[in-house]
Each structure stands twice: as structure tokens, then as C-alpha cells.
Amino acid sequence: DLYLNGLTQLSDAAARALAKHEGDLYLNGLTQLSDAAARELAKHEGDPYLNGLTQLSDAVARALAKHRGNLYLDGLTQLSDAAAEELGKHRSWLYLNGLTQLSDAAARALANHRGGWLSLNGLTQLSDSAAESLAKHRGELSLDGLRQFNEAAAEILSKHLQKSLGSFKTPGRWLSIH
């Protein structure tokens with residue numbers, strides 16, 4: 001593993017060099033990332049920790065979604081619907097724990113995520129529509145930050161859990177709400 005959390009900027013050439021590193025990359029000090037640097041980091045075979053990013057352009061989201069490992073983007077405080085659409089295509093664990101709100105369209109897009117764990121622990125509330133969309137997520141779903149939701153949302157989310165308990169012979173679907 002390589003810890004470079006003190007870096008606040010990353011050139012495209014440096015991203016290209018770091019992408020060759022074997023092991024996880026801790027780049028939590030970065031607050032922005034160019035499209036080209038994101039494309040380079042997407043080639044990296046370890047997990048990139050990019051928890052300093054507070055927002056992503058749609059192009060950066062598109063590039064990072066192609067990464068084959070887990071994506072740690074816990075610093076994101078906002079996510080456009082188009083960026084959510086791109087991240088919904090990611091095929092490994094996706095951590096978006098800094099988001100405190102999610103549009104219904106973004107929830108629909110992220111529900112398409114097929115990479116296992118989808119962690120949205122920063123969300124404190126969900127609309128019925130967002131809950132209905134996220135209940136369709138085919139992997140583990142973590143919503144530990146929810147502080148309130150109405151009866152309809154609770155019923156919708158419980159369907160996610162019921163599906164996970166349906167068969168122990170197939171990969172499970174888990175719902176985590178504390």
C-alpha cells in the first residue's frame with residue numbers, strides 16, 4: 001500500500017506513474033482530479049482511496065467507474081444525476097458515505113450498481129421513490145445514517161431484506177440500517 005494523503009494535487013503524469021503501483025493508493029488529500037488523471041487511476045489494480053474529493057465531474061465519474069477494484073469516495077457531498085449514472089456502472093464495492101442527500105434520479109442510477117456493496121451511510125433520509133429504487137439494488141446496501149423514514153419507505157426497504165433471506169444458497173443481499 002502507498003499512503004500519499006498529503007498530496008493535494010496530482011498531475012496526469014503522476015497519476016500514470018501511480019497507476020503502476022501494486023497495492024492500494026491512499027490519496028485522501030486530493031480535492032480535485034482531472035479527467036485524464038482519473039482515466040489513469042482507473043487502470044490501477046489496487047483500491048484508490050479518494051475520500052478528499054467533494055464532487056466529481058461526469059467525465060471523472062465515467063473514468064473511475066471503469067476501475068476494477070473498490071472505489072472509496074466518502075468525501076463526496078454532492079453527486080449529479082449523470083455522475084450517479086456513471087458510478088452505477090461500477091462493478092465492485094462503492095463507498096459514497098459523504099452524501100447526505102440523493103435525488104430520486106441518482107438513487108435509480110445507483111440501484112443499477114452490480115458490484116456488491118453500495119455504502120450510502122451519510123444519507124439521513126430517503127424519499128419513497130429513492131427507497132423503492134435502492135431496494136432493487138442486487139448487492140449489499142448500507143444506509144446506517146438514516147435517522148428517519150416513513151412507513152412506506154420502511155416497507156419498501158424491508159423487501160430488499162426479505163429477498164436477501166429467501167435463499168442461503170445464492171449470494172445474499174443485505175440491508176444495514178442502524
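A salt bridge is a side-chain nitrogen of Lys or Arg within 4 Å of a carboxyl oxygen of Asp or Glu. The structure shown above holds 4 of these bridges. It is a predicted model, in which local features need pLDDT of at least 70 and side-chain atom pairs count only at pLDDT 80 or more, whereas totals for chains, interfaces and linings use all residues. Residues are numbered from 1 along each chain as its sequence is written, and side-chain values use heavy atoms, with hydrogens and water left out.

Helices (H or I, at least four residues) and strands (E, at least two) are DSSP runs, numbered from the N terminus. R62 is partly exposed, with a relative accessible area of 37%, while E86 counts as buried at 12%. Here buried means under 20% relative accessible area, exposed over 50%, and partly exposed in between, for a 1.4 Å probe and protein chains only. E86 also forms a salt bridge with K89, whose closest N atom is 3.5 Å from the O atom. K89 is partly exposed, with a relative accessible area of 44%. K43 counts as exposed because its relative accessibility is 56%, and E40 counts as buried because its value is 14%.

The interior may be considered next. A nonpolar core is a set of buried Ala, Val, Leu, Ile, Met, Phe, Trp, Tyr and Cys residues joined through side-chain atoms within 4.5 Å. The largest one has 44 residues, and those with the most contacts inside it are L33, L73, L87, L96, L110 and L120. Two or more residues are given to this core by each of α1 (12-18), α2 (35-41), α3 (58-65), α4, α5, α6 and α7 (151-164).

Helix α5 spans residues 104-111, and its residues A106, A107, A109, L110 and A111 are buried. These buried residues pack against α4 (81-87), β5 (94-95), β6 (118-119) and α6 (128-134). Contact means heavy atoms within 4.5 Å. Leaving aside neighbours within four places in sequence, L110 is in contact with residues including L79, A84, L87, L96, L120 and H137.
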